[in-house]
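Visitor: Please take me through one part of this protein in detail. I would like to see how that part sits among its surroundings.

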Amino acid sequence: MAIKSQKCLVIDADVAHAAGASAHPVATACRNMLNEILHLGHRFVSTQRIDQEWRRHVSKFSYQWHAAMLSRSRVAAVDPVPSAGFENAILGGGFGPAQREAMLKDLHLVCAALASDRVILSMDQTARRLFGRLSGAQRTLKRLAWGNPAMPEEAILTWLRSGAKTEKRRCLDA
């Protein structure tokens, strides 16, 4: 059942990895979210870097999900926004070495989201918090929505069913 407002969603490889066959609640939540994306008609944002990460971390389930998305033409290839300005802000923003490393590792997700519908689905709460801090200096980040399928209180499935609209509580500046 496709919905009216379909979004292009950036999905971190940590979700692909976690969505294995395990009965663990995180694995189940990731599989449920990916299935919901498929059935609702949302699209998966693809960049060269995202594809590389997915290939390295893919589970059997997420491999099959990705193939189903491809067969339904629900993979959106995007050219990410240039990252140089963000890299400079990270390097000069008063972050420690470990924080800078964590942010630079996931900067490609932010750049892909800015080039699409501004939604990131990832379980990386450290990156979420750090990019939230950076959004004070980098205003373009303020309206990026970040959802974590492993956190039940985020009600990701309900949010996806309602069109993954930008809600204040999901934004990086929240």
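**A close look at helix α4**

Guide: Helix α4 spans residues 60-71, twelve residues in total. From its first C-alpha to its last, α4 reaches 17 Å. That is close to the 16 Å expected at 1.5 Å a residue. Keep in mind that this is a predicted model.

Now look at the side chains of α4. Four residues of α4 are buried: Ser-62, Trp-65, Ala-68 and Met-69. Seen down the axis of α4, the buried residues fall within an arc of 115 degrees, so they line one face of the helix. Turn to the other side of α4. There, Lys-60, Tyr-63 and Ser-71 are exposed.

What do the buried residues of α4 pack against? Their partners include three helices: α1 (13-18), α2 (25-40) and α3 (48-57). They also pack against the strands β1 (8-11), β2 (43-46) and β3 (75-77).

Next, follow the chain out of the helix. Just after α4 comes Ser-73, with a positive phi of about 55 degrees. Ser-73 is not a glycine. Most residues other than glycine have a negative phi. Ser-73 lies in the loop between α4 and β3. Is Ser-73 buried or exposed? Ser-73 is exposed, and its relative accessible area is 54%.

Arg-118 also has a positive phi, near 65 degrees, and is a residue other than glycine. Arg-118 sits in the loop between α6 (97-114) and β4 (119-121). With 27% relative accessibility, Arg-118 counts as partly exposed.

Five strands form an open sheet, and the order is β3-β2-β1-β4-β5. The pairing is parallel. The edge strands are β3 and β5 (145-147), and each pairs on one side only. On average, neighbouring strands of this sheet are turned by 35 degrees against each other, direction ignored.

Look at one pair of strands. β4 and β5 run parallel, and three bridges join them. Leu-121 stands opposite Gly-147 in β5. Helix α3 packs on the sheet and touches β1 and β2. The direction of α3 makes about 105 degrees with that of β2.

Finally, return to α4. The buried residues of α4 pack against α3 as well as β1 and β2.

Note on methods: Residues numbered from 1 in each chain as written. Predicted model: local features only at pLDDT ≥ 70, side-chain atom pairs only at ≥ 80, totals over all residues. Heavy atoms only, no water. Helix = DSSP H or I, 4+ residues; strand = E, 2+ residues; numbered from the N terminus. Expected span 1.5 Å × (residues − 1). Buried < 20%, exposed > 50% of the residue type's maximum accessible area, 1.4 Å probe, protein only. Arc of directions from axis to C-beta. Contact = heavy atoms within 4.5 Å. Pairing = 2+ DSSP bridges. Axes fitted to C-alpha atoms, helices over the stretch in contact; angles between N-to-C directions.
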